[in-house]
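Subject: Structure handover

Hi,

Here is the structure you were waiting for. Please open it next to this email.

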Amino acid sequence: MSKVRVRFAPSPTGYLHIGGARTMLFNWLFARHHGGSLILRIEDTDVERSTDASTDAIIESIKWLGLDWDEGPIVGGEYGPYFQSERLDIYREYAERLLKSGHAYRCYCTPEELSEAREAAMKAGKPPGYTGRCRQLSLEMIRAYEAQGRKPALRFKVPEGETVVNDIVRGDVVFQNEHIDDFVILKSDGYPTYNFAVVIDDALMKITDVIRADEHLPNTPKQIMMYKALGFELPRFAHVSMILGKDKTKLSKRHGATSVTQYRDDGYLPEALINYLVLLGWAYDAEQQIFSREELIQKFTLDKVSKNPAIFDPDKLLWMNGHYIREQDNEVLVDLAIDHLRKAGLVSEEPSNEELSKVRAVVSILKERIRTMGDIVSQGDFFFTDEFAVDDEAISKFLTRDYVPETFEALKARLEAASPFNRQAVEEVIRGYAKEVGRKAGEVIHPLRVALTGRSVSPGIFEVMEILGKDACCRRIDSALKKLARLDA
């Protein structure tokens with residue numbers, strides 16, 4: 001077996017989404033498992049839609065996922081250029097070869113003529129494909145078209161018979177050539193079509209295995225025809241199943257299918273996203289769900305890729321992300337938390353040592369509760385500002401009790417006198433006061449939690465108070481007393 005060479009070839013017309021990220025991952029794992037090479041190729045021949053910004057975003061997403069490539073943009077390689085827009089002369093050369101060998105021909109049909117032919121075919125109850133009208137043009141007709149200034153496209157002449165795709169995932173898939181129209185390989189503007197460019201690139205870059213989404217399976221017989229016409233050796237093909245939402249429809253934004261950068265910005269960890277992506281269509285066994293990167297490289301094989309569509313479950317991804325947060329080193333989480341807190345305006349652009357200490361404490365106390373790093377804001381904003389949202393239901397349930405004002409007055413005085421102000425000290429104060437006035441500890445703690453955090457659920461109140469510090473605790477109790485006085489007025 002020759003050295004494995006695979007490729008990931010995104011079109012830079014937008015961000016890297018879940019499907020593309022999974023394709024990149026499967027190729028990366030396959031290459032690393034076999035000690036082969038992964039080539040990154042940018043298919044940017046769609047001039048109107050391709051942008052440098054999209055290219056940058058795709059590369060940024062791949063790097064964030066922790067994946068790398070052996071040849072391609074940035075790293076170079078002996079089979080470049082790795083941008084299709086820089087390979088136009090190469091495509092024209094091979095198009096000319098197909099033309100001279102009789103496997104291709106010039107097509108002078110205008111878009112209007114093609115449209116009229118399609119409409120006529122549909123009215124007649126026939127398939128709306130290309131009629132082949134330019135297959136056998138006379139020299140006289142060619143000269144007439146040239147005189148009109150028509151610029152021809154090049155079409156591949158589809159042979160008779162059938163084409164068999166030997167697919168690693170799906171087995172042999174047979175296509176009848178009569179159902180495939182003579183297709184354009186080089187447009188009249190000189191740009192190649194996808195099916196043509198990909199064959200030339202994969203052949204010249206010595207790709208041994210093409211691993212891609214099964215939406216490309218109908219393209220494969222066309223590509224095989226061109227491989228054979230040009231005398232290129234066929235790669236092995238593996239078409240992996242499509243990804244569906246939980247409702248079994250094609251994955252879209254309503255299913256939570258956003259870009260990789262959006263998951264990053266929402267506070268997902270790359271390790272969690274990698275682990276989840278690999279399970280979309282691949283399973284090592286019926287039990288194991290959590291894999292280290294080293295385990296995935298060791299265990300990933302195409303024979304365990306399913307033919308059935310994968311179901312994207314955002315809840316499972318969220319669970320998995322929570323698992324990876326709990327397993328992650330706290331200092332790594334602190335850096336991520338600061339990014340989210342900074343964007344929310346809760347810490348300084350350049351956090352002080354005091355702010356950093358508080359973030360470390362908050363990460364430690366919330367680590368077991370959050371499922372994304374973005375939750376550090378929604379669940380922990382009250383640690384950093386007095387301007388936090390207050391749950392009206394919590395106020396109604398806990399702060400309207402008749403004993404609360406008296407309780408708050410007493411606690412404020414005792415907390416102001418507490419020294420040192422730590423979890424042990426505040427627990428002594430609160431439990432001591434409750435016992436002194438004959439109340440259950442919860443009857444004191446619940447209203448206090450609402451006053452300090454704005455909510456009825458939080459981490460342990462004594463730990464919360466230690467992080468907040470004496471001044472903030474007393475200030476918030478005083479603020480709650482003033483609110484209660486206004487309610488009674």
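My notes on the model follow, element by element.

This is a predicted model, in which local features need pLDDT of at least 70, side-chain atom pairs count only at pLDDT 80 or more, and totals for chains, interfaces and linings use all residues. Residues are numbered from 1 along each chain as its sequence is written, and side-chain values use heavy atoms, with hydrogens and water left out.

Start at the N-terminal end. Helices (H or I, at least four residues) and strands (E, at least two) are DSSP runs, numbered from the N terminus. Strand 1 (residues 5–8) and strand 2 (residues 37–40) pair in parallel over four bridges; pairing requires at least two DSSP bridges between the strands. Serine 37 in strand 2 is the bridge partner of arginine 5.

Strand 1 is covered on both faces. Arg5 and Arg7 are buried on one side, Val6 and Phe8 on the other. Buried means under 20% relative accessible area, exposed over 50%, and partly exposed in between (1.4 Å probe, protein chains only). In a regular strand, side chains alternate between the two faces of the sheet.

Three strands form an open sheet in the order 3-4-7. Strand 3 (104–107) and strand 7 (184–186) are the edges, each with a single partner strand, so one side of each has no neighbour in the sheet. Strand 4 (residues 153–156) pairs with strand 7 over two bridges. Leucine 154 stands opposite leucine 186 in strand 7.

Helix 3 (residues 88–100) packs its buried residues against strands 3, 4 and 7, and also against helix 6 (194–204) and helix 7 (220–230). Those buried residues are Leu88, Tyr91, Tyr94, Ala95, Leu98 and Leu99. They cover an arc of only 150 degrees around the axis, which puts them on the same side of helix 3. The arc is taken from the directions from the helix axis to the C-beta atoms. Asp89 and Lys100 are exposed on the other side. Glycine 102 follows helix 3, with a positive phi near 85 degrees.

Helix 9 (residues 270–278) is largely enclosed by the rest of the structure, because eight of its nine residues are buried. Its cover includes helix 1, helix 2 (52–64) and helix 11 (314–327).

Helix 17 (residues 423–437) buries Ala425, Val426, Val429, Ile430, Tyr433 and Ala434. They span an arc of only 160 degrees around the axis, which puts them on the same side of helix 17. Glu428 and Lys435 are exposed on the other side. Among the elements covering the buried residues are helix 16 (404–417), helix 18 (441–453) and helix 19 (461–468). Glycine 438 follows helix 17, with a positive phi near 75 degrees.

One last residue. Arginine 449 lies in helix 18. Is arginine 449 buried or exposed? Arginine 449 is buried, with a relative accessible area of 10%. Leaving aside neighbours within four places in sequence, its contacts (heavy atoms within 4.5 Å) include Arg455, Val457, Pro459 and Ile461.

Best wishes
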